[in-house]
Amino acid sequence: MSESWLRFWDRPHHIYVNDRHLRVHYARIADEILSILPDRGSLSVLDFGCGEALDAARVAARAARLYLYDGAPSVRARLARRFANSPRIAILDQAGLDALPDNSLDVIVAFSVIQYIDRAELPGLLAGWRSKLAVGGFVILADVIPPKARLLDDIGSLLSTARAYGFLLAALGGLLTTLFSEYRRLRHQIGLATYDEPEVMALLRDAGLAPIPHPRNLGFNQARRTYLGRRL
Ligand SMILES: C[S@@+](CC[C@H](N)C(=O)[O-])C[C@H]1O[C@@H](n2cnc3c(N)ncnc32)[C@H](O)[C@@H]1O
């Protein structure tokens with residue numbers, strides 16, 4: 001499952017219906033990350049599965065170091081070009097990720113990512129993140145899809161965002177494109193990993209992290225959920 005989704009993200013796709021959608025999306029992600037960062041200096045933050053991270057510079061301005069990691073090589077290549085002149089931002093590949101010292105990160109963000117990862121791989125990933133976190137540091141799992149969430153929730157969220165930000169027509173066209181897209185085929189054939197609250201809490205606990213459900217989802221879609229897992 002993970003490999004098929006990674007291949008999808010590694011190729012050109014039309015998940016964002018136009019440039020405005022892309023920009024509005026990443027501005028919101030950056031705002032949400034900033035809203036939850038601890039209010040102190042010299043933070044080390046890892047954004048795992050960061051995608052295009054268009055507004056990462058705003059997050060980096062609040063951190064001593066922002067590490068961006070994405071599993072898709074083409075995404076990493078674009079990130080490396082985009083942030084070549086941003087001294088606080090480091091783009092990591094798998095080796096770079098593995099080489100991060102243990103106990104060194106204050107925050108690990110996984111925003112809209114774990115749904116694309118094989119369920120069997122998640123415990124190992126969480127355990128790895130736990131070892132990279134400093135005591136008191138935390139992981140943010142955002143945009144986690146509950147089993148009862150419906151495709152209609154995603155559509156409703158896209159349309160209300162599009163209405164609010166003035167790209168409704170493009171969103172309607174985008175929905176039509178999605179109907180015949182590789183995304184729809186993969187979602188139908190392979191599916192997305194979904195988790196309910198007790199399951200996420202147990203996964204975090206088993207990884208040695210104290211689970212904290214967040215009162216609202218960080219992101220546009222309030223049918224999805226956000227959880228924090230703190231290393232005590
Ligand atoms: C929906 S996008 C989310 C991007 C960004 N975090 C956001 O919230 O907009 C999913 C991202 O996760 C990355 N991804 C998917 N599976 C991954 C994996 N197994 N390891 C690392 N990154 C992965 C994809 O390449 C893609 O950029």
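## A first pair of side chains

Arginine 11 is partly exposed, with a relative accessible area of 43%. On this scale, buried means under 20%, exposed means over 50%, and partly exposed is in between (1.4 Å probe, protein chains only). You're looking at a predicted model, so local features need pLDDT of at least 70 and side-chain atom pairs count only at pLDDT 80 or more, while totals for chains, interfaces and linings use all residues. Residues are numbered from 1 along each chain as its sequence is written, and side-chain values use heavy atoms, leaving out hydrogens and water.

What does arginine 11 pair up with? Its side chain meets that of glutamate 182 in a salt bridge, with N and O 3.7 Å apart. (A salt bridge is a side-chain nitrogen of Lys or Arg within 4 Å of a carboxyl oxygen of Asp or Glu.) This pair links distant parts of the chain: arginine 11 sits in the loop between H1 and H2, and glutamate 182 is in helix H9, 171 residues apart. Helices (H or I, at least four residues) and strands (E, at least two) are DSSP runs, numbered from the N terminus.

Search the whole structure and you get 17 salt bridges. Take aspartate 106 and arginine 40, whose closest N and O atoms are 3.5 Å apart. Aspartate 106 belongs to strand E4 and arginine 40 to the loop between H2 and strand E1 (44-48), so this bridge ties together parts that are 66 residues apart in sequence. Aspartate 106 is buried, at 12% relative accessible area, whereas arginine 40 is partly exposed at 44%.

Then there's aspartate 154 with arginine 187, a salt bridge at 2.8 Å, N to O. Because aspartate 154 lies in helix H7 (residues 151-165) and arginine 187 in helix H9, the two connect parts 33 residues apart in sequence. Aspartate 154 is buried, with 18% relative accessible area. Salt bridges with shared partners also join Asp143, Asp154, Arg187 and Arg224 into one network.

## Around the ligand

Which of the 18 residues around the ligand come nearest? They are His25, Gly49, Asp70, Gly71 and Phe111. (A residue is near if one of its heavy atoms lies within 4 Å.) A nitrogen atom of the ligand is 2.7 Å from a backbone N or O atom of glycine 49, and a nitrogen atom of the ligand lies 2.8 Å from a polar backbone atom of phenylalanine 111. Aspartate 70 uses its side chain: one of its polar atoms is 2.5 Å from a ligand oxygen.

Taken alone, the ligand exposes 590 Å², and the protein buries 94% of that (Shrake-Rupley areas, 1.4 Å probe; for residues, only the protein chains shown count as cover). Helix H1 (2-10) and helix H2 (19-36) are the elements giving two or more residues to the shell. H2 provides the largest share, three residues.

Two residues have a positive phi of about 65° without being glycines. One is serine 112, in the loop between strand E4 (105-111) and helix H6 (122-132). Serine 112 counts as partly exposed, at 22% relative accessibility. Another is aspartate 143, which is found in strand E5 (residues 133-144) and is buried, with a relative accessible area of 9%.

Helix H9 (residues 182-189) has something at its start: a side-chain oxygen of serine 181 reaches to within 3.3 Å of the backbone nitrogen of tyrosine 183. After H9 comes glycine 191, with a positive phi near 80°.

Technical notes: Polar contact = N/O pair within 3.5 Å; in protein donor to acceptor, adjacent residues only side chain to side chain.
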